[in-house]
Amino acid sequence: MSTRRARPVSGRELKTPAAVPADPDAVVPATRHETLRVAIGAIIAGFLALSLSALHGDMLLYGDAVAHLGIARGILDTNAPGLGTLGGVWLPLPHLLMLPFVWKMAWWQDGMAGAWPSLACYIVGVMGMYRLSRRLLAPRWALVATAFFGLNANLLYLATTAMTEPLFLALFVWLVLLTLELVEAARRAESGLVRSRLVLVGLLIFAATMTRYDGWVLGAVVWCVVAWVLVKAPAGQAGSRRAARARGSVWPVFAVFTVLAVLGPLLWFGYNHVFGHDWLDFLRGPYSAKEIDRKTSTPGARKYWGWHNPAWSLMLYARTAQVDAAAWETG
């Protein structure tokens with residue numbers, strides 16, 4: 001009986017072990033490809049909303065939107081240009097973002113000048129919401145949470161106006177996301193990532209405090225969370241000089257972060273002092289909400305349920321939020 005020599009197996013014929021499929025429900029940070037697909041969806045939804053709003057002439061329904069556009073246009077297009085035209089009640093960042101667009105007369109008149117920054121903030125906010133949700137939820141539920149945010153009719157309309165909400169919501173979402181990343185990095189003693197996130201979070205707090213007064217409270221809360229986490233963060237391997245140096249390098253950056261967190265309110269106090277002759281002019285000046293309410297209210301009349309009653313106010317606020325979010329209740 002003849003024997004045959006075994007033919008040598010080529011490299012192409014060698015079988016490699018099959019790769020273990022990734023868990024489709026794993027809670028992991030979003031990839032760039034995932035975020036890009038969400039961004040494309042947000043762009044489509046945003047431009048559809050913008051088309052409808054422009055078609056029906058709805059971009060200037062809010063009187064505040066008209067006022068924001070007027071302030072933005074008046075920063076340079078005035079007989080006395082200068083910082084004093086930024087206003088004294090509304091914070092300045094939204095008006096500064098409109099500056100490149102209000103120069104076109106037609107866009108200023110029809111409200112499109114305010115729609116472009118708001119639309120960009122809407123898209124960035126939806127991207128941030130998906131990245132935040134992806135760190136907390138499985139992919140399908142992250143998409144549900146993002147859709148709940150991005151397809152909200154109120155937000156879609158505001159994204160076509162000169163209102164400040166789309167900008168502030170985008171800053172809010174990214175602040176939460178980057179703060180979460182900072183906390184996780186601190187717990188893993190990754191000092192390099194902690195330092196970079198401290199700077200980014202500080203810049204976002206500065207932007208938020210120059211957008212809405214809500215941002216002042218938000219910035220204070222984020223600062224307290226970050227300070228607490230850094231104080232309680234592990235110091236790395238015991239006795240490691242390198243770990244000790246790395247931990248020590250975080251505190252100078254934390255000082256920069258603190259300066260950025262308080263810089264917005266301090267600048268606004270100074271602005272009101274110089275141009276309004278009262279560092280609290282935005283709070284008690286002639287154009288403040290308090291003075292407008294006093295001038296337009298009947299003396300001695302009860303204003304509304306919850307007036308000077310925190311319990312009633314909390315209940316009414318919670319119920320309003322519930323009705324606003326529940327379409328099945330309102331139709």
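1. Contact means heavy atoms within 4.5 Å. Leaving out residues up to four places away in sequence, Leu 96 touches Ile 75 and Leu 86. Leu 96 and Leu 86 lie 10 residues apart in sequence, and their C-alpha atoms are 8.6 Å apart in space.

2. A word on the source. This is a predicted model, where local features need pLDDT of at least 70 and side-chain atom pairs count only at pLDDT 80 or more, while totals for chains, interfaces and linings use all residues. Residues are numbered from 1 along each chain as its sequence is written, and side-chain values use heavy atoms, with hydrogens and water left out.

3. The chain has 16 helices and 0 strands. Both are DSSP runs numbered from the N terminus: helices are H or I with at least four residues, strands are E with at least two. Of the 331 residues, 37% count as buried. Buried means under 20% relative accessible area, exposed means over 50%, and partly exposed lies in between (1.4 Å probe, protein chains only).

4. Back to Leu 96. This residue sits in helix α3. Leu 96 counts as partly exposed because its relative accessibility is 38%.

5. Which residues of helix α3 (residues 93–102) are buried? They are Leu 93, Pro 94, His 95, Met 98, Leu 99 and Val 102. The buried residues of α3 pack against α2, α4 (105–110), α5 (112–134), α8 (165–187) and α9 (191–209).

6. Now look at His 68, in helix α2 (residues 63–74). Its relative accessible area is 3%, so His 68 is buried. Its side chain makes a polar contact of 2.9 Å with the side chain of His 95. A polar contact is a pair of N or O atoms within 3.5 Å; within protein, one must be able to donate a hydrogen and the other to accept it, and residues adjacent in sequence count only if both atoms are side-chain atoms. Setting aside neighbours within four places in sequence, His 68 is in contact with Trp 90, His 95, Met 98, Ala 162, Met 163 and Thr 164.

7. Finally, a helix pair. The axes of α9 and helix α12 (residues 250–276) come within 8 Å and cross at roughly 5 degrees. Therefore α9 is roughly parallel to α12. Angles under 35 degrees count as roughly parallel, over 145 as roughly antiparallel, 65 to 115 as roughly perpendicular and the rest as oblique. Axes are lines fitted to C-alpha atoms, for helices over the stretch in contact, and angles run from 0 to 180 degrees between N-to-C directions.
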